[in-house]
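Me: I have a model open and want to learn how to read its features. Where do we start?

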Amino acid sequence: MTAAACGLTSGSPMVDDVEPGTIGRGDPLEGAKLTVTSKSFTEQLILGAMMGIAFEAAGAEVVDRTGIQGSIGSREAVVKGEADAGFEYTGTAWITYLGHSDPITDPREQWEAVKKEDAANGVTWLPPSRLDNTYALAMNQANHRRYRTDDLSEVAALSKSDPSAVTLCVEVEFANRADGLRGMEKRYGMDVPPRNITQMDTGIIYTQTAKGSCTYGEVFTTDGRIKSMNLVVMDDDKHFFPNYNAAPMINAKTLRKWPAIADVLDPITKKLDNAVAQELNAKVDVDGEDPHQVALDWLKQEGFVK
């Protein structure tokens, strides 16, 4: 795959005026020229900016090649050394990149398995965050008061006792993935008739669920619109959905040359969880702020950089 095929023909220098806070003291990355990549959705843009700003604070020159469409492009860039680092999700690596069909239930074991297997591809995974951007079903407050479901087993029970009550708004991809709707129905013993399932774009799902046009909408657990629209997320009580914990994915050659990367990123990764992600994602998706600025503001607020 060429750089052009990865969408990496262009990239711009990051030029943030930042100094070390609690990370990057002593300029451990001085002399490094590092390229940071990400996918194109909000959370990835924020995480990619965080990584690049952290590298800047530690003394590196950073090229910003965030915002690549799809999953494969940013991944391949790191594998081939066209980019040095990016945040990736353990479940995506295990299922999409490494080709496994069954996720590992324990989040730490899932990360360890990915780290071990991906080493053969010249990729090193640094320790994961608690941020777990996985699938879920959510409902509005009125429907929650009406149906009183709090987990997917209760949704399954409702689908049997009152079949017309369970209507779903989902993405096309979710409707057809083994780790999506079909697998969820099988694991929980749901049988939702096709007439009760409406496929639509991601953003519309949140607004339609908030309106109550469908009882349950497919959501991502770190999406800022869950909080802003006051939706109630159903617990995956049988742990069907894979763990999608965000972790730094580093080109192994780069990390051998600049081992301080791990120390620079680790404190930031440890601070990331779903509440932080929802808050930061909402600043972009709800309030219309710039992802890079959101990342910079948060890093300063937490004292990581000045």
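Me: Which helices each supply at least two residues of the lining of the largest pocket?

Reply: Rolling a probe the size of a water molecule over the atoms shows where empty space is left. Here, H1, helix H3 (90-97) and H13 each supply at least two residues of the lining. Helices (H or I, at least four residues) and strands (E, at least two) are DSSP runs, numbered from the N terminus. A pocket is an open set of points on a 1 Å grid over the protein atoms alone, where a 1.4 Å probe fits, with protein on both sides within 12 Å along at least five of seven lines. Lining residues have an atom within 4 Å of a point.

Me: What volume does the largest pocket have, and which lining residues are closest to its centre?

Reply: Its volume is about 680 Å³, meaning the space filled by probe spheres set on the points, which are joined across faces, edges and corners. Of the 24 lining residues, the closest to the centre are Phe 41, Asn 133, Tyr 135, Glu 171 and Phe 220.

Me: What kind of model is this, and how are residues numbered?

Reply: It is a predicted model: local features need pLDDT of at least 70, side-chain atom pairs count only at pLDDT 80 or more, and totals for chains, interfaces and linings use all residues. Numbering runs from 1 along each chain as its sequence is written, and side-chain values use heavy atoms, leaving out hydrogens and water.

Me: What average pLDDT does the protein have?

Reply: pLDDT is the predictor's confidence in each residue, from 0 to 100. The protein averages 94, and 97% of the residues score at least 70. Over residues 1-9 the pLDDT is below 50; beyond near neighbours in sequence, that stretch has 20 contacts in the model. Contact means heavy atoms within 4.5 Å.

Me: How do I check the length of helix H13?

Reply: The expected span is 1.5 Å times one less than the number of residues. H13 (residues 274-285) has 12 residues, so it should span 16 Å; its end C-alpha atoms are 16 Å apart, which agrees.

Me: Which residues of H13 are buried, and what do they pack against?

Reply: An α-helix has 3.6 residues a turn, so residues three or four places apart point the same way. Buried means under 20% relative accessible area, exposed over 50%, partly exposed in between (1.4 Å probe, protein chains only). In H13 the buried residues are Val 276, Ala 277, Gln 278, Leu 280, Asn 281, Ala 282 and Val 284. They pack against helix H1 (42-57), helix H10 (224-228), helix H12 (260-271) and helix H14 (291-301).

Me: Is Tyr 89 buried or exposed?

Reply: Tyr 89, in strand S4 (residues 85-89), is buried because its relative accessible area is 3%. Its side chain makes polar contacts with the side chains of Glu 43 (2.6 Å) and Gln 44 (3.5 Å). A polar contact is a pair of N or O atoms within 3.5 Å; within protein, one must be able to donate a hydrogen and the other to accept it, and residues adjacent in sequence count only if both atoms are side-chain atoms.

Me: What does the side chain of Asn 245 reach?

Reply: It reaches the backbone oxygen of Ser 129 at 3.1 Å. Asn 245 sits in the loop between strand S10 (232-233) and strand S11 (246-251). It is buried, at 6%. Tyr 89 is among its contacts.

Me: Where is His 239, and what is its phi?

Reply: His 239 is in the loop between S10 and S11. Its phi is near 50°, a positive value in a residue other than glycine. At 53% relative accessibility, His 239 counts as exposed.
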